[in-house]
Amino acid sequence: MTTGEVKILNQGHENEMEVWGYRPCVWRLALVSVGAVCSGGLLLLLLYWLPQWGVKSTSSKCSLREARTLLLRSTDEFRQWFRARVHVMSAPGRRPFENLELLSGERKSSLSTKEHDGICLQEHSAQINYFTHHSIKYYWNEALQNFEVYKGLDDVKVSCAEVHSEHSSGLSKALQDYRRLFFGENEIAVRVPSLFKLLIKEVLNPFYIFQLFSVILWSAGDYYYYASAIVFMSIISISLSLYTVKRQYVMLRDMVAAHSVVGVSLCRGDKEVEQAMSTELVPGDVLLIPANGMMMPCDAALIQGTCIVNESMLTGESVPVTKTSVPSAGEDGADLFSLEQHKRHTLFCGTQVIQTRFYSGETVKAVVIRTGFSTEKGELVRSILYPKPTDFKLYRDAYLFLLCLVGVAAVGFVYTLVLSIMNNVPVKLIVIKSLDIITITVPPALPAAMTAGIVYAQRRLKKAGIFCISPQRINMCGQLNVVCFDKTGTLTEDGLDLWGVRRVEDGRFLPPESSVSGAALCSSQFVACMASCHSLTTIEGQLSGDPLDLKMFSATGWNLEEPTQDETVLHDPIMPTVVRPPNHAAGAGPAEATPCEMGIVRQFPFSSALQRMSVVVRRLGEKRMVAFLKGAPEVVARLCKSQTVPESFWETLESYSGQGFRVIAVAYRQLDNKLSWHKVQALSRDVIENNMEFLGLIVMQNKIKKETAGVLRDLHQAHIRTLMVTGDNMLTAISVARDCGMIRPHEKVAIADAVPPKDFHPAHITWLYTEEPAPRKDAQSVEIVLEELSDRPETELHQFHLALSGQAFTVVMEHFPQLLPKLALGATVFARMAPDQKTQLVEVLQSLNYTVGMCGDGANDCGALKRAHSGISLSELEASVASPFTSSTSDISCVPKLIREGRAALITSFCVFKFMALYSIIQYLSVTLLYSIPSNLGDFQFLFIDIAIILVIAFTMSLNPAWQELVSQRPPSSLISGPLLLSVLTQMLTCLLFQLLVFLLVREQSWYEKWTPQSNACNLSTSGQLFSENNTYVDIKNIKNYENTTLFFVSCFQYLTVAIVFSKGKPFRQSSLKNCPFVLSCLGLYIFLFVIMLFPVPAIDKFLEIVCVPRAWRHNLLIIIIVNSVVSVILETLIVDGLMWRLVFRDNHSPVPAAPSADTPQEANSRWGSSFLSWLFCGERRPPRQRYRQLALELQDDPEWPPRPGSVIYSTAQTHCSACL
């Protein structure tokens, strides 16, 4: 292996990393030690902050096999660096699933085991290198010449049948101990760091190191009061931070530790059962699930029996789920076991098993698949412990802006140095003054001030019933430009109402029937299917399960009875769940009632991927079993005998789907007489779910929630794109999209019907238009439509919508990748989408530079909710782990609320950042001017400015609530943008101009002289008394002088002026006048400053070290301050927000560039002015940086887009057929 060669860990996964090997280098370590001593430890701090430098400066590259230190770098957009130390472990074998002779019976006695540092060492053992990163261990693989992760039993790639045949008897004690060497204790251990460790980590933050440097510098300059105040505030800040972090760790530990360590029953061989603690479990162990349920301590595959499980902790969905055993035969049994594919057969760690179904002589068993941090719950805890940094342009630009301030500080540093040398200032004072400029330019309170807006927004969201577990994402919500919605339970009501049924007899549909609970239909196979084909269960006397199943079962009027634990034990071979009709439908006597009563023998739960479920039942008194099937109509029809499916099937289905109904098809099949219960348990669902006889359609009415249409209209008017991503039928989804306003009546819908390659025919896409735009009835309706669309870009007046199915989406991804961006840009409806396809869609939209929101109910949408920039789960839980945001309200009204609060928080961040930047610049200008005389601001002047003005204003200006409406204009996402830079630049130049003006003017006054305690510029009779006590006073720092006093007053008013100017209200925040704390703070500070300026108070003057100036100069200062304020307001409101935004920056923020059109003379002049100013301020017009906007511009000029109705695109020949079908 090449020395220093880079290897890839976790290739193809989300946590993919590059890894390099290093070994200690003595001479490099010696050089770093010398450098650390010479720099006073600063070099060690730098290497602590930059781990890649720390490793490279102390070690030399080597192969991974020889490495003692590893350097890791994530391959995502963040490119984070980590370092890890390599450890050595002794074990009898090199891999956990090796079949070692060492552990066989004849060699057990020869083993000599001892404990050393928690690692089991054995004679004849192998030495294995390993390292730990983010609570996961990576072991060296000699064959791969790389490190790999052992997650669990699914690493072995066993089939479902092999799970039964090879892993159902359990592990021996010796083999269990051996595997524990690799997998460790089965625990999700959240280690709560000690306060000392947390303190060291917090104090070593660059922000606090900079503050420590500043405090030392201020103390050396005799600014003791100011330094003490900063130290006091830092201690409070650190204490609050430590308390918060410690509490979060403790809460997480308590949440994870609750019921995580339990007693379990393990199988040792076929019959031996051993009691153990859950911490001893390893992959391959076989658990016995008790009848009364348990909290699962691991991920386990069910191999015997049935379980009812509450998975709300993982999915946010409170409906219990039925888990069945892993298939043991047939095609299903041959499939490789996968946690993702076999969720319906897996009991996940942290979920609660409520009930079990077991049979006489048998127990409910599960094979342990994963333990510890490798489980689903462990992965969730790891994502909380080690979150990815928030990728938001605001934060990146903030660092760039701070670098610019550092550049300004460097200029001031050089200026101060040169000026001090020219004035023969002592060396100590030169150093202090020069470094002081740096501490002034970089505001120490900036991080805390910018966080305030997010904290306040989080509180407002909580009051609105929206709970957040990732506060940094609130700002990202302000940039959302596309929101994906699930349909059922999100846009429409969660519960469905039975509209009617269409039964089939002799291959033909019967007329619609609105009720199925009558005695005439009691014995029909159709009603029997509705009554038995479900996953309902009784919990505490109440029927529980999927809402659709509940509605269908309640419509039949039948009753469900489940066996008790005692009944299950007494009966052999099975005491099944029984469904029976109501007494009134049973007929005259018991003999007539018995043929309708059925026992559910086998159940195949609903699968999102298969879009169907089935059961096997036996009627009371009959030997032959019957299989019932229900699911998506197109899926069920393919599994039925063709002669039983009516010729009008597709026409009928399209008719109901087009009206927005939820349509479910049902079918049945008589099974072979020879099939016994045991044989049925071994059959795969593919064997049973074929050659069915079609029974008919169940038509469910799914009403749109009353809030849906209004919310979608608000989002549409705000130029926020809305998509529907559902598992329902295509035509149903399109109909609901039209009904709720996602697709307007005048807009076209084109279905991209993509077919995979088959029988030497290439994959192809056929474009089918569902309907033409609806004709307008009269002139009045034309005017209304034009009025609604008058503010939309021209390209959207003839808008069309694409619709794709889940199958088409997969075909396009595999065979038409070049079309995928175009389809993602134009599609509005995605139907029959599986959960993983929803996640893929979110990733495709993000690749087009969309900021994506996802709103769902948290069940099948977990992946998409976590992947989106802003995932919103509609769940009754206060905080669902399924997404960053959880709304306690069950409708989508939370989406515009979240976007409005996000926009308000984002604008607040901009306002605070601009204010803090101007605060630094204003103070920098004041100090720079005073250095020239030479002088400086006083200790208490700094204290008053930073505490009384800056902190109070920065934290109160963040309290503006969000604007009541969602406007079409979106806030900028970058600090490095034209409007914001122009705003900061104009205010900075204004402040510089007026400070320079008063600095020069005060020196030109007739009464001006170098101030001494005997100076009598006020011409007041009391002036001698004011300073009589200071006759012997000598001001070494030269704080008290006329320039200092003048600049102090002007700069204080400038801080307040820029705060008011930058505290923007409409259209993203409410007016600052409604922010009472901010208004009162500004008003109080204005009054205080005007009083002490116009009516000097000796005690205050002495405290702030300001001197008395003539009344006329105070009046002049008042006029200059007012003019300064007026100029600042005019520049910000009229020039930046008004003229420049409309003429220069407007086009850069439109959602889709408008097409050119004929201009009136006034419009032509405006366009000419816009072009000139754009050239003057922004250079040549650059193309948009977002990929979706670039693509929109390209498609405007594409004559073949959208495709014509009936046209076909082939994947291989790339030919285009225009013949209409």
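This is a predicted model: local features need pLDDT of at least 70, side-chain atom pairs count only at pLDDT 80 or more; totals for chains, interfaces and linings use all residues.

Residues are numbered from 1 along each chain as its sequence is written, and side-chain values use heavy atoms, with hydrogens and water left out.

**Exercise 1. Describe the surroundings of Glu 1043.**

Step 1: find its place. Glu 1043 sits in helix H37, residues 1042–1062. Helices (H or I, at least four residues) and strands (E, at least two) are DSSP runs, numbered from the N terminus.

Step 2: list the contacts, meaning heavy atoms within 4.5 Å. Leaving aside neighbours within four places in sequence, Glu 1043 touches Leu 930, Ile 933, Phe 999, Val 1002, Arg 1003 and Tyr 1008.

Step 3: pick out polar contacts. These are pairs of N or O atoms within 3.5 Å; within protein, one must be able to donate a hydrogen and the other to accept it, and residues adjacent in sequence count only if both atoms are side-chain atoms. The side chain of Glu 1043 makes one with the side chain of Tyr 1008 at 2.3 Å, and another with that of Arg 1003 at 2.9 Å.

Step 4: check for a salt bridge, which is a side-chain nitrogen of Lys or Arg within 4 Å of a carboxyl oxygen of Asp or Glu. Arg 1003 and Glu 1043 form one, their closest N and O atoms being 2.9 Å apart. This pair links distant parts of the chain, with Arg 1003 in helix H35 (residues 978–1003) and Glu 1043 in helix H37, 40 residues apart. Arg 1003 is partly exposed, at 35% relative accessibility.

**Exercise 2. Which parts of the chain does the salt bridge of Lys 838 and Asp 486 link?**

Step 1: get the distance. The side chains of Lys 838 and Asp 486 meet at 3.5 Å, N to O.

Step 2: Lys 838 belongs to helix H31 (residues 835–847), while Asp 486 is in the loop between strand E23 (482–485) and helix H17 (487–491), 352 residues away.

Step 3: look at burial. Both residues are buried.

Step 4: zoom out. The whole structure has 26 salt bridges, and Arg 612, Arg 685, Asp 686 and Glu 689 are linked in a network of them.

**Exercise 3. Work out how strand E10 pairs with E9 and E11.**

Step 1: start with E10 itself. The strand covers residues 136–141, and five of its six residues are buried.

Step 2: turn to E9 (residues 126–133). E9 and E10 pair in the antiparallel sense over four bridges; strands pair if DSSP finds at least two bridges between them. Tyr 130 has Tyr 139 in E10 as its bridge partner. Two residues lie between the strands of this hairpin, where His 134 takes a positive phi near 50°.

Step 3: do the other side. E10 and E11 also pair in the antiparallel sense over four bridges, and Tyr 139 stands opposite Glu 148 in E11. Their hairpin has four residues between the strands, and Gln 145 in the turn shows a positive phi of about 55°.

Step 4: follow Glu 148 onwards. Its side chain meets that of Arg 95 in a salt bridge (3.4 Å, N to O). Arg 95 lies in the loop between strand E6 (87–91) and helix H4 (105–108), and Glu 148 in strand E11 (residues 146–149), so the pair ties together parts 53 residues apart in sequence.

Conventions: Buried means under 20% relative accessible area, exposed over 50%, partly exposed in between (1.4 Å probe, protein chains only).
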